[in-house]
Structures are given as structure tokens and as C-alpha cells.
Amino acid sequence: MPRNFKRRAEILYPIEDTELKTRIIDEILMTYLNDNVKARLMQPDGSYVRVTPKEGAKLVRSQSA
């Protein structure tokens, strides 16, 4: 699949609504940070290693959640 790296535009803007900002952090960002099923961690050399869930930990798959 061809990628669109040369014509791609990323846009950022501040979230000023406190309630919305809290929801984004608590429900979306924390779900992605707690993913222990499909997540990978980037190493200093640029390679990735798969996250391994701790014994007895609740499985979190961010894309499904």
C-alpha cells in the first residue's frame, strides 16, 4: 500500500474545553497507553519489541476498546 508521507499534513490545535480535555486524556489516551495486547515499544535503536502483559493483568487492546 503506498504511503502519503510527502503530501501529508498533520494539524494540531489546543483543546480548551476542560471536560472534553479530561475525557480525551482519561478515555482515549490512557486506553492507548495501557494497551498490553497489540502494543509495541520502540527501542533506542529504532526497533520495536512487543509488550508482554504482566501475570494476572487485565488484557487491554486499545483498538478494540
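Reply: The side chains of Glu27 and Arg23 are joined by a salt bridge, with an N to O distance of 3.1 Å; the term denotes a side-chain nitrogen of Lys or Arg within 4 Å of a carboxyl oxygen of Asp or Glu. This is a predicted model, in which local features need pLDDT of at least 70 and side-chain atom pairs count only at pLDDT 80 or more, while totals for chains, interfaces and linings use all residues. Residues are numbered from 1 along each chain as its sequence is written, and side-chain values use heavy atoms, with hydrogens and water left out.

Because Glu27 and Arg23 are four residues apart in helix H1, about one helical turn separates them; helices are DSSP runs (H or I, at least four residues), numbered from the N terminus. Glu27 has a relative accessible area of 46% and is therefore partly exposed (buried means under 20%, exposed over 50%, partly exposed in between, with a 1.4 Å probe and protein chains only). Side chains of opposite charge can pair when their charged atoms come close.

The structure holds two salt bridges. Arg8 and Glu10 also meet through their side chains in a salt bridge, at 2.7 Å from N to O. Arg8 counts as partly exposed because its relative accessibility is 47%, whereas Glu10, at 60%, counts as exposed.

Helix H1 spans residues 18–33 and also contains Leu20. With a relative accessibility of 40%, Leu20 is partly exposed.

Terms used:
Helix = DSSP H or I, 4+ residues; strand = E, 2+ residues; numbered from the N terminus.
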